[in-house]
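This briefing is meant to be read beside the sequence and the 3D view. It starts with the whole chain and then turns to selected residues.

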Amino acid sequence: MHTLNVSVGKARADIAIFDPEDARRYGVETWSLKSLQRQADTLDNALLADALSHNLYWLGIYKAFAPNVVSGSGCIAVPSDLEHRICLGRAVLNRKQEFPADGVFLERNQGFVMSSAGCPVILASAGGDFIAAHAGRDSLIDRGAVEGRPARKHVSVVGVILEKLRRNASSDIAMTMLLSIPARKFEHSADHPQHGVYNRKLATFVERHWPDSILREEGRTFLDLQQMFLEQARQAGIRHARATHSLDMYPNLAHTRDGKGADRRNLVIVKRDA
């Protein structure tokens with residue numbers, strides 16, 4: 001387990017990150033949250049529920065939110081959107097599988113929970129508002145836009161976060177990205193037998209909009225999510241944006257390109273402190 005305390009503008013957050021070996025120590029096969037959607041699911045996933053309960057309590061979180069981030073929807077939820085309550089001892093985990101969302105607003109002492117395999121986390125604050133969000137590739141880049149058929153208002157979840165925060169504040173927005181897959185591990189081969197066509201379109205799209213986010217070395221193409229986030233934030237006029245603590249710093253954490261198994265996941269818990 002790794003812990004961080006991060007300042008985001010005037011807000012602060014505690015973050016706990018659990019690797020696949022931590023899951024085994026709790027007797028849990030994977031940190032995936034897919035099987036835990038409603039209260040009844042705690043019966044068949046008792047070890048996972050107990051692990052979540054223990055660590056939410058340890059962090060001092062009594063109300064947490066785990067949105068359905070799988071699709072990289074680019075949506076940001078408000079707490080009432082996640083209406084399915086799962087009681088985990090003294091803590092309540094709020095979910096709603098039918099409402100895909102990358103992130104959610106948090107009040108003080110509330111938590112954001114996600115399972116990840118190299119997808120970064122964005123923390124953003126403005127005034128009294130605070131958002132924690134998943135920021136996978138498809139969250140940062142609308143697949144429809146890459147194909148020439150935009151599927152959402154904002155290409156990136158960054159734009160959605162800023163729109164939400166600017167409703168109440170405009171001058172003190174701060175954003176931080178953490179736990180991104182290292183750029184040189186995130187190859188997007190133009191010759192991939194299944195994804196090559198899309199990868200070529202993706203590289204062209206990214207180079208047009210955020211040129212420093214594509215790395216080309218010895219005929220190989222890599223996607224830099226940290227740089228993309230920074231370019232997106234700065235293009236939107238955000239002066240206080242940073243990307244830190246990539247998975248390069250944590251070799252025991254899982255990511256999709258580590259070759260150690262597709263089911264390996266990390267568990268990330270964010271607590272808003274202030």
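The model is predicted, so local features need pLDDT of at least 70 and side-chain atom pairs count only at pLDDT 80 or more, while totals for chains, interfaces and linings use all residues. Residues are numbered from 1 along each chain as its sequence is written, and side-chain values use heavy atoms, with hydrogens and water left out.

**Overall build**

- The chain holds eight helices and 15 strands; helices (H or I, at least four residues) and strands (E, at least two) are DSSP runs numbered from the N terminus.
- With a radius of gyration of 18 Å, close to the 19 Å that the globule rule gives for 274 residues, the chain is as compact as a globular protein of that length. The radius is taken over C-alpha atoms, and the rule is 2.2 Å times the number of residues to the power 0.38.
- The C-alpha trace spans about 50 × 45 × 35 Å along its principal axes.
- Of the 274 residues, 55% are buried. Here buried means under 20% relative accessible area, exposed means over 50%, and partly exposed lies in between (1.4 Å probe, protein chains only).
- Among contacts with a separation of 6 or more, 69% come from residues 24 or more positions apart; a contact means heavy atoms within 4.5 Å.

**Surface and charge**

**Aromatic rings**

- The chain has three aromatic pairs. Rings of Phe, Tyr and Trp (its six-membered ring) pair if their centres lie within 6.5 Å; planes under 30 degrees apart count as stacked, over 60 as edge-to-face and the rest as tilted.
- Phe18 and Trp31 form a tilted pair, because their ring centres are 5.9 Å apart and their planes stand at 55°.
- Phe18 belongs to strand E2 (residues 11-18) and Trp31 to the loop between helix H1 (20-25) and helix H2 (41-44), so this pair ties together parts that are 13 residues apart in sequence.
- Phe18 is buried at 2% relative accessibility, and Trp31 is buried at 0%.
- Phe18, Tyr26 and Trp31 make up one aromatic cluster.

**Backbone with positive phi**

- Most residues other than glycine have a negative phi.
- Asn109 has a phi near 70°. Asn109 sits in the loop between strand E7 (103-105) and strand E8 (110-116) and is partly exposed, at 38% relative accessible area.
- Glu218 has a positive phi of about 50°. Glu218 lies in the loop between strand E12 (214-217) and strand E13 (220-223) and is exposed, at 82%.

**Single residues and their neighbours**

Contacts listed here leave aside residues within four places in sequence.

- Gly9 is in the loop between strand E1 (2-8) and E2, where Gly9 contacts Ser125 and Ala174.
- Ala274 falls in the segment after strand E15 (266-272) and is partly exposed, at 33%. Ala274 touches Ala11, Arg12 and Arg108. The C-alpha atoms of Ala274 and Asn109 are separated by 7.8 Å, although the two residues are 165 residues apart along the chain.
- Ser246 is in the loop between strand E14 (240-244) and E15. Ser246 is buried, at 11%, and touches Leu179, Ser180 and Gln226.
- Cys87 is part of strand E5 (residues 84-88) and is partly exposed, at 40%. Cys87 touches Gln39 and Val92, and its C-alpha atom is 33 Å from that of Ile173, 86 residues away along the chain.
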